[in-house]
Every structure is written in C-alpha cells, then in structure tokens.
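Try each task before you read its solution.

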Amino acid sequence: MAKSDAEVKVLGTWASPFVMRVRISLNIKSVAYEFLQERLWEGKSELLLKSNPVHRKVPVLIHGDDTICESLIIVQYIDEVWPSAPILPSDPHERATARFWAAYLDDKWFPSLRAIGMAEGEDARKAAIGQVEEGLMLLEEAFGKCSQGQAFFGKDQIGYLDITFGCFLGWLRVTEKMSGIKLLNEINTPALLKWANRFCNDAAVKDVMPETEKLAEFAKMLRGRVRATPKS
C-alpha cells in the first residue's frame with residue numbers, strides 16, 4: 001500500500017485555530033480523515049499523551065503508524081505526501097516569504113490578539129489593540145505583494161500563508177464582537193477584509209471555520225473556568 005493511502009486521523013478540538021490548519025490542508029488535498037475530538041479542559045486522552053509525549057498538545061496527525069505534531073509541520077508534511085493542489089509556493093523566495101510571515105503570525109501577531117481579551121486595565125488593552133492593528137496593516141501590504149492582484153496569498157488558490165493566517169479569523173471575529181472594535185475594516189485593511197470573506201467561504205474552509213457565536217460562548221466558558229481555578 002502506498003504511503004498516501006494509509007489511514008488518516010486528526011487529534012484536535014473544533015475551536016483550535018492550529019487544528020483548523022490541518023483540517024483545511026487535508027480538505028484542499030481531498031484526503032478523507034477521521035476527526036478525533038479532544039476535550040482538553042476535562043483532561044488529555046491517553047491517545048494524545050502517547051501520540052505527542054513531548055508537547056502533549058493538539059493537533060496531532062496520525063498517518064498509518066506515524067504521528068506528526070505541530071500544525072505548520074503537519075501542513076508541510078501533508079503537502080509533501082499528497083502533492084496535488086500544492087500548498088507551499090514552488091518558488092524558493094516566495095516559499096521563504098510565506099514562512100517568514102507564518103512565523104510572525106504565530107510568534108507575535110496572534111499573541112497580541114489574545115492579549116486584547118486578557119488585558120488588565122485600559123492601557124494594556126489599548127496597547128494590545130495597537131499591536132494587532134499595526135500587524136494587520138503590515139499583512140495588508142504583504143497580501144498585495146504575495147497575491148499579485150489575485151484572490152489569495154497563494155495567488156489563485158489557498159496556500160500556506162492563507163491557511164496560517166486564515167485559521168485565526170474565527171478568533172479575530174470573536175475578539176471584535178467581545179471588544180466592540182472592527183480590526184479588519186474598509187479603511188485600513190480593505191484587501192484583507194475581502195480576502196477574509198473569500199477564505200471563509202471557500203469549500204475547503206467553510207465547514208471547518210467555527211461560527212462566531214458558538215466560538216464566543218466557548219471563549220466565555222474557558223474564561224470562566226480559568227477564573228474559577230484556585231491560585232496558589
């Protein structure tokens with residue numbers, strides 16, 4: 001049996017943007033998979049601890065007898081095992097650029113987005129909002145260069161940077177809803193606003209992207225559990 005024909009399973013949670021990257025990538029490749037949902041707030045399953053003993057977190061891709069961890073590593077693995085409908089750019093410079101912005105999103109931009117809801121005090125909240133808005137304007141410029149006038153960062157189809165950034169759109173909308181601010185808007189990020197709508201309506205994405213209301217309720221539940229946890 002060919003490697004690409006082996007059974008595929010995804011360990012994850014429906015609300016995780018990092019798990020969403022894996023599911024979107026598999027959808028793009030038209031790869032059937034079993035989604036095994038973890039309820040991490042109730043504890044981690046034996047399968048998760050066995051499959052990812054180092055970080056003990058989702059997502060995990062189980063492909064036959066092999067396990068692959070870390071969302072962007074999994075996306076690259078999927079792109080190599082199932083080469084049809086390429087996700088990463090073929091041009092070395094474009095590929096390096098996509099990886100650069102992916103690292104920026106994970107290391108700097110998304111933590112700033114999370115900081116808006118976790119900020120203590122108005123000054124901290126305003127600082128976090130400013131960092132997110134600054135990042136979005138940088139990404140607006142990057143979109144123009146990467147897309148070259150086409151629909152996605154990957155030009156005429158969803159690519160690596162679309163997946164990396166697009167998976168955060170659900171939580172971006174929740175942050176907008178709960179904070180009463182429009183981070184993506186016609187004035188500062190008109191191209192990204194249109195891109196976000198195209199991305200969320202794509203066939204590979206629309207059944208995976210959580211509804212804003214459902215995600216907002218989930219966020220409230222998690223926040224309530226954190227507040228209820230005794231501090232040492």
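**Exercise 1. Find the residue that follows α7 and give its phi.**
The residue after α7 is Gly180, and its phi is positive, near 70°. Helices here are DSSP runs (H or I, at least four residues), numbered from the N terminus.

Before going on, note that this is a predicted model, where local features need pLDDT of at least 70, side-chain atom pairs count only at pLDDT 80 or more, and totals for chains, interfaces and linings use all residues. Residues are numbered from 1 along each chain as its sequence is written, and side-chain values use heavy atoms, without hydrogens and water.

**Exercise 2. List the buried residues of α7.**
Step 1: buried means under 20% relative accessible area, with a 1.4 Å probe and protein chains only.
Step 2: in α7 this gives Leu169, Gly170, Trp171, Leu172, Val174, Thr175 and Glu176.

**Exercise 3. Describe how α4 and α5 pack.**
Step 1: two packed helices are described by the angle between their axes and the distance between the axes.
Step 2: the axes of α4 (residues 92-118) and α5 (residues 122-147) come within 8 Å and cross at roughly 155°. Axes are lines fitted to C-alpha atoms over the stretch in contact (heavy atoms within 4.5 Å), and angles run from 0 to 180 degrees between N-to-C directions.
Step 3: α4 and α5 are therefore roughly antiparallel, a term for angles over 145 degrees.
Step 4: the contact includes Trp101 and Trp109 of α4 and Ile129 and Leu136 of α5.

How values were computed:
Helix = DSSP H or I, 4+ residues; strand = E, 2+ residues; numbered from the N terminus. Parallel < 35°, antiparallel > 145°, perpendicular 65-115°, else oblique. Buried < 20%, exposed > 50% of the residue type's maximum accessible area, 1.4 Å probe, protein only.
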